[in-house]
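Try each one yourself before you read the solution.

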Amino acid sequence: MTGQRTEKSLQGVASEDKEKRCPECGSKNLVMQGHELLCKDCGLIIE
Ligand SMILES: [Zn+2]
């Protein structure tokens, strides 16, 4: 049997930044506080 195909579906490789930024001060210094993100710089809780 001939006709072996090896198709790769490279889909969904969007450049999604996992790193979030604080909307208040723009810092990336965020820590998880329970199920919320807390900015270490200004203390803002990001939902
Ligand atoms: Zn902040």
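**Exercise 1.** In which segment does Glu-19 lie? Work out also whether Glu-19 is buried or exposed.

*Solution.* A note before we start: this is a predicted model, where local features need pLDDT of at least 70 and side-chain atom pairs count only at pLDDT 80 or more, while totals for chains, interfaces and linings use all residues. Residues are numbered from 1 along each chain as its sequence is written.

Step 1: Glu-19 lies in the segment before S1. Strands here are DSSP runs of E with at least two residues, numbered from the N terminus.

Step 2: Glu-19 is exposed because 6 other C-beta atoms lie within 10 Å.

Step 3: From Glu-19 to Asn-29 the C-alpha distance is 9.7 Å, with the two 10 residues apart in sequence.

**Exercise 2.** Trace how strands S1, S2 and S3 form an open sheet.

*Solution.* Step 1: strands pair if DSSP finds at least two bridges between them. S1 (residues 30-33) and S2 (residues 36-39) are antiparallel and joined by four bridges, with Leu-30 opposite Cys-39.

Step 1: two residues separate S1 from S2 in a hairpin, and Gly-34 in the turn has a positive phi of about 70°.

Step 2: two bridges pair S2 with S3, again antiparallel; here Leu-38 has Ile-45 in S3 as its bridge partner.

Step 3: the order is therefore S1-S2-S3 in an open, antiparallel sheet. S1 and S3 (45-46) are the edge strands, each pairing on one side only.

Notes: A residue is buried if 20 or more other C-beta atoms lie within 10 Å of its own, exposed if 12 or fewer, and partly exposed in between; C-beta atoms are placed from the backbone.
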